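I opened the notebook to record a few things looked up in one structure.

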Amino acid sequence: MSGCKVADGYGTMLVTAVGLNTEWGLVMATISEDNGEETPLQVRLNGVATFIGKVGLAVAVLVFLILIIRFFTGHTEDKYGKPMFKAGKTSVGDAFNGIVKIFAIAVTIVVVAVPEGLPLAVTLTLAYSMRKMMADKALVRRLSACETMGSATTICSDKTGTLTLNQMTVVKAFIAGESREPPDTTEGLPPVIQALLVEGISQNTTGSVCKSKGSGEMEVTGSPTEKAILSWALKDPCRPNVREAVHICQKAGVKVRMVTGDNIYTAKAIATECGILQPGEDTEQYAIIEGRDFRSYSEDERLKFVDKICVMGRSSPTDKLYLVQALRKRGHVVAVTGDGTNDAPALHEADIGLSMGIQGTEVAKESSDIIILDDNFASVVKVVRWGRSVYANIQKFIQFQLTVNVAALTINFVAAISSGDVPLTAVQLLWVNLIMDTLGALALATEAPTDHLMIRPPVGRREPLITNIMWRNLIVQVTLSTKLQYSLYLHSRGMTF
């Protein structure tokens, strides 16, 4: 009777456990814990910001020291070509003003280095994608989940209702010693056999067939199996587009794993039909495993073979949680689909929890990051596509902003070392950043996803945010921009490069 709800009546109940000592209490305790972990993109952005900050501060300190030395050795000249400092002749006030000016130059360099528009661009990209994903049947509950899904390396999916229709149908029938395909015809059957068949079905089911009060159409009620028998149906078929969706994931480098409570033979058959299990994979060790077997291994043993698992049958919510934990420890970015209350711990533990909008319970939805409104696996693939688009747009903006910032930093650094002055003031640079950050972020943050995003491997956890190609583009663009700007700066002062 475990898991049943008392709707009405009288009875005597013995309470054996309360609170955290019950299964329900353990589930609620697990999902109420906030692990406070940062998303893969947040980790990368923090790393980039820290690196840029350190470089900018180091350059600013270096420029400050060089300019101080130039100033007190008499190499810094005013607009008339005279030294700004002469030992024993320059007043304390003039010397202090010179130091303040040098300090302002150093602060300007720090201002140039910091990518102030990056948080704005990230927020705009995530917010725009969140709105667009609603049209693709995905309700985003946590903004950062948009980009995390783009880094996903594996998806642990339920079978019933997500990969399949959750509508049982009969695919073959044996009547009077004969096999019938399709089984929904009684042509050629004697009337006596037809009568016995109808009577046998009606007497051995708790379901019912009735007319709808509103539309007058026939409705079949009962469990999925009873509905299947009453309407001549006994297999839960795959969703029409699920095989194509699984293929798109595999092509994109995202491994799809089926985790179901069904027996291992049913799970294997559906996984093969959906394309999750490829021909020959079923013979590999650990490719197909039962939940109790997975649970019996130690944590270290699970880590050794967890990458090989394609299908897990007869799995409990605890098995699903152990699978997610093992995959994450192996460095995977894990997405999990679930619809039941018992799925809440796994949804909470995963990098991206995807609950079902139709079949899902409220607890499952509260524990998830994204709600799939149509319970369709094809919609999960669309979320991956949008997530990769978010990541790509953020990369584009970072390259755009770093090109401008590094070029301005370089020109100010070179000019400060060579002439003791900077061509771009703090106010000018802030104005440039204001225009660049707002308009640039709007332009790059709203680019729609393309099919090209789904033919490259996922970035995972360890891929750097600034790739080698981005560094190459950055160096080439900064070099050309700096040479042009410095030539114009020298020309304005009557000099040549």
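Entry 1. Before listing any neighbours I needed a cut-off: contact means heavy atoms within 4.5 Å. I also noted that this is a predicted model.

Entry 2. I looked up isoleucine 370 and left out residues up to four places away in sequence. With those set aside, isoleucine 370 touches Met133, Ala138, Leu139, Val140, Arg141 and Ala145, and also Ile352, Gly353, Leu354, Ser355 and Val383.

Entry 3. I then asked which residues have the most contacts inside the largest nonpolar core. They are Met149, Ile155, Ile352, Ile370, Phe377 and Ile398, in a core of 64 residues. Helix α15 gives the largest share of this core, 13 residues. I also found a second, separate core of 19 residues, with Phe305, Leu323, Val324 and Val334 among them.

Entry 4. Next came a pair of helices. Two packed helices are described by the angle between their axes and the distance between the axes. For helix α8 (residues 242-251) and helix α15 (residues 377-419), I wrote down axes that come within 8 Å and a crossing at roughly 25°. Angles under 35 degrees count as roughly parallel, so α8 and α15 are roughly parallel to each other. Their crossing is left-handed.

Entry 5. Which residues make the contact between α8 and α15? From α8 I listed Val242, Ala245, Val246, Ile248 and Cys249, and from α15 Phe377, Ala378 and Val381. Sorted by type, the residues of this contact are 8 nonpolar, no polar and no charged. Phe377 was already in my notes as one of the residues with the most contacts inside the largest core.

Entry 6. I moved to alanine 326, which is found in helix α12 (residues 317-329). Is alanine 326 buried or exposed? Its relative accessibility is 5%, and buried means under 20%, so alanine 326 counts as buried. Not counting residues up to four places away in sequence, alanine 326 touches Leu303 and Val306. I also checked alanine 326 against isoleucine 155: they are 171 residues apart in sequence and 13 Å apart in space, C-alpha to C-alpha.

Entry 7. Threonine 22 has a relative accessible area of 21% and is partly exposed. Threonine 22 and arginine 330 are 308 residues apart along the chain, and their C-alpha atoms are separated by 31 Å.

Key: Residues numbered from 1 in each chain as written. Predicted model: local features only at pLDDT ≥ 70, side-chain atom pairs only at ≥ 80, totals over all residues. Heavy atoms only, no water. Axes fitted to C-alpha atoms, helices over the stretch in contact; angles between N-to-C directions. Helix = DSSP H or I, 4+ residues; strand = E, 2+ residues; numbered from the N terminus. Parallel < 35°, antiparallel > 145°, perpendicular 65-115°, else oblique. Left-handed = near helix turned anticlockwise from the far one by under 90°. Nonpolar A, V, L, I, M, F, W, Y, C, P; charged D, E, K, R; others polar. Core = buried A, V, L, I, M, F, W, Y, C linked by side-chain atoms within 4.5 Å. Buried < 20%, exposed > 50% of the residue type's maximum accessible area, 1.4 Å probe, protein only.
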